[in-house]
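This report describes a two-chain model for a reader who works with coordinates. It goes from single elements to the chain and the interface.

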Amino acid sequence: MSTLSACIQSYGLLGPGLADWSAARAVLSGELPHAAARTVLPPPAVLPPAERRRAGRVIKLALAIGAEAIAAAAGTAAADARLLPTVFSSSGGDGDNCHEICATLASRERLISPTRFHNSVHNAAAGYWSIAYGCTEGSTSLCAGDASFGAGLLEALSQLACGARAVLLLAYDADYPQPLYAKRPIPDAFGVALLLVAPDTAAQLPRLELALSNAPAASMVHPGLESLRASIPAARSLPLLERLARRRAGTVVLDYLDTARLAVEVHS
Amino acid sequence: MTPLQLTHFTATSCLGRGVSATRAALEQARCGLTPCRFETVELATYIGEVAGVDAVRLPAPLERFDCRNNRLAHLGLMQDDFDSAVRAAVERFGPRRVGVYLGTSTSGILTTEIAYRHRDPVSGALPEGFDYAGTHNSFSVVDYVGRLFDLAGPAVAVCTACSSSAKVFAAAQRMIATNQIDAAIVGGVDSLCLTTLYGFHSLQLTSAEPCRPFDAARDGLSIGEAAAFALLERAPAEADPEAILLLGAGESSDAYHMSSPHPEGAGARSAMRNALADAGLATGDVDYINLHGTGTPSNDSAESRAVVALFGSTTPCSSTKGATGHALGAAGALEAIICAIALERGLMPGGLHLRQRDPQLQLNYLTHNQRGALRHVLSNSFGFGGANCALLFGRAA
């Protein structure tokens, strides 16, 4: 099997007690303790005021992590968001919006708001991203349930292997309100964006090699971080991010499907 | 791209179960749309409902996946011996080397919509038996198909609204091209639900009549449902001349509006141009275009502009949504199979329900079935959020 690989140009991250990638890097490398706190989602500055007001949690989350990765790549060839293909991957999309639609449909009137309806598509965040940045490149929006981070990583690396010079991967999940929360207890919002570039472009950047594996998935030593990893699909990236934060070469196995894990070899 | 072969394919829609029923309906220019009597929906619109979905039973070990969408998936997989073809591929390549790439927009949300009517009056809780991962989640249909065939390869749902099951061909092709897998079940499954019926109604995009793509007085779409699948594999060096090949895929984003296409069809045009470039073909090589053609004023106008700008006004085109309705997340795959049938039979299906041509739409829109030797056909799919995909299919010879 040919190996899929990529270099990481930049990161964006937002999660409980993790305000951005530099905060997350400090926690993941052990420099700072992880303080449990609700994820704070900033209003998406790139959207016009009307859309900004209506943007749900998942859209805020995706736009925030993507914007951080783009800003962190400033000055590099990959930093022009207009020219970047994107891979959005999320287990559930906008849970608040979904709840409102289902509640309305269960009422007598059944009058859904048109905005709620077009925001209900899984690719809503990708649509807003492309509009905000004027990006006309291809974009996909994936869902693989709990395996959504791994599915997004596979898709992004396969795009690079098929000729893309850079791909922005955004993996993110937000919590549902009740009563869906009881059936899908994602505790809080977590998202990670990786600006990935073709491995031949940037020898000085950390490089990943990816393969399917039967080995057991790595867990996090820190109980708070392990609880995030186990309960939020996008946080299944944490063992990889920890290795990257510590600049430690070697292989880390990530949870993916019930039938397969992903072995990621990190060359730092 | 290196061409891939659709070694088996099948489609189930309101036109019927399987390829021969679909082909017969297209040859007879039959419309599958009926006035909406779905569930408790009270809307004056036509729908493309698949008959008999409620009677489908999933295998007992996979009962937790029971919902309309997975019943429709199961029904579709059992047509044309598609399930046997998958099992043979798994035997040949091994369970790790067969991927599942399916498009859906609403998955099993009908189950959630109904569950919300049965919430506990005090606590507001959903009924005990509601299974989120088995029914509601977009991955549910992919998970179901993977478990039905005991697969262990990469699996994902592509959810880019109405281009979902066109994009799966591109995604699976990349996984085969990079040798991660040897074969993929690609396709789309989307089923009727209240969210889309009331949602498109709220946007004033549903017609009260069977939809009339490219008509001067077109006034909206008719929602349909479908399960359409293909088994995608590397084409042998000496492919059977009759073999149906995926030759190219083109993707783009409109970057314009969440629910309206770019008025000049800029994104549509670049998706088609990318598909041609990917296949190494010129516009003159395309014999027929299966249009996205939803029947909404804005889609058909933007798509016509895009086609005319790229191809001129001579390439024969039609939308088959007047026959099938708009199967949303399954439309790309359904129309891919219609393109395969077109290539096999030399059949360019005429678009139904057109009474008066729109003088603004300059493309060569077919209103009656036309016969001709077809070598290359293009299929367009455009989704909310401006997610576009064009696929190029061809015969080996």
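In strand E4 (residues 166-173) of chain A, eight of the eight residues are buried, so the strand is largely enclosed by the rest of the structure. Buried means that 20 or more other C-beta atoms lie within 10 Å of the residue's own; with 12 or fewer a residue is exposed, in between it is partly exposed, and C-beta atoms are placed from the backbone. Helices (H or I, at least four residues) and strands (E, at least two) are DSSP runs numbered from the N terminus. The model is predicted: local features need pLDDT of at least 70 and side-chain atom pairs count only at pLDDT 80 or more, while totals for chains, interfaces and linings use all residues. Residues are numbered from 1 along each chain as its sequence is written, and chains are lettered from A and ligands numbered from 1 in the order in which they are written.

**Strand pairing**

Both faces of E4(A) are covered, with Ala166(A), Leu168(A), Leu170(A) and Tyr172(A) buried on one side and Val167(A), Leu169(A), Ala171(A) and Asp173(A) buried on the other. Strands count as paired if DSSP finds at least two bridges between them.

| Strands | Sense | Bridges |
|---|---|---|
| E2 (residues 86-89) of chain A and E4(A) | parallel | four |
| E4(A) and E5 (residues 190-197) of chain A | antiparallel | eight |
| E4 (residues 46-48) of chain B and E8(B) | parallel | two |
| E3 (residues 139-143) of chain A and E6(B) | antiparallel | two |

Within these pairings, Ser89(A) has Ala171(A) as its bridge partner in E4(A), and Leu168(A) stands opposite Leu195(A) in E5(A).

In chain B, an open sheet of three strands has the order E3-E4-E8, with mixed pairing. Strand E3 (34-35) and strand E8 (223-224) of chain B are at its edges with a single partner strand each, so one side of each has no neighbour in the sheet. Gly48(B) has Gly224(B) as its bridge partner in E8(B).

**Helices of chain A**

Helix H6 (residues 124-133) of chain A has 10 of its 10 residues buried, so it is largely enclosed by the rest of the structure. Its buried residues include Tyr128(A), Trp129(A) and Tyr133(A). After H6(A) comes Gly134(A), with a positive phi near 65°.

In helix H4 (residues 95-105) of chain A, the buried residues are Gly95(A), Asn97(A), Cys98(A), Ile101(A), Cys102(A), Thr104(A) and Leu105(A). They pack against helix H5 (114-119) and helix H8 (180-183) of chain A, and also against helix H4 (109-115) and helix H8 (194-202) of chain B.

Pro239(A) lies in helix H10 (residues 238-245) of chain A. This proline counts as buried because it has 23 C-beta neighbours inside 10 Å. Leaving out residues up to four places away in sequence, Pro239(A) touches Ala218(A), Met220(A), Val252(A) and Leu254(A); contact requires C-beta atoms, placed from the backbone, within 7 Å. Pro239(A) and Val252(A) are 13 residues apart in sequence, with a C-alpha to C-alpha distance of 6.9 Å.

Chain B has 12 helices and 17 strands. Its radius of gyration is 20 Å, close to the 21 Å that the globule rule gives for 397 residues, so chain B is as compact as a globular protein of that length. The radius is taken over C-alpha atoms, and the rule is 2.2 Å times the number of residues to the power 0.38. Of the 397 residues in chain B, 65% are buried.

The largest nonpolar core has 237 residues, and those with the most contacts inside it are Ala184(B) and Phe393(B). Such a core is a set of buried Ala, Val, Leu, Ile, Met, Phe, Trp, Tyr and Cys residues joined through C-beta atoms within 7 Å. Among the residues that Phe393(B) touches, not counting those up to four places away in sequence, are Ile244(B), Leu247(B), Leu343(B) and Val377(B).

**Interface and confidence**

At the interface, 54 residues of chain B are in contact with 53 residues of chain A. The chain B side comprises 26 nonpolar, 20 polar and eight charged residues. Here Ala, Val, Leu, Ile, Met, Phe, Trp, Tyr, Cys and Pro count as nonpolar, Asp, Glu, Lys and Arg as charged, and the others, Gly among them, as polar.

The model scores ipTM 0.98 and pTM 0.98. Chain B has a mean pLDDT of 97, with 100% of its residues at 70 or more; pLDDT is the predictor's confidence in each residue, from 0 to 100.

Notes: Two residues are in contact if their C-beta atoms, placed from the backbone, lie within 7 Å.
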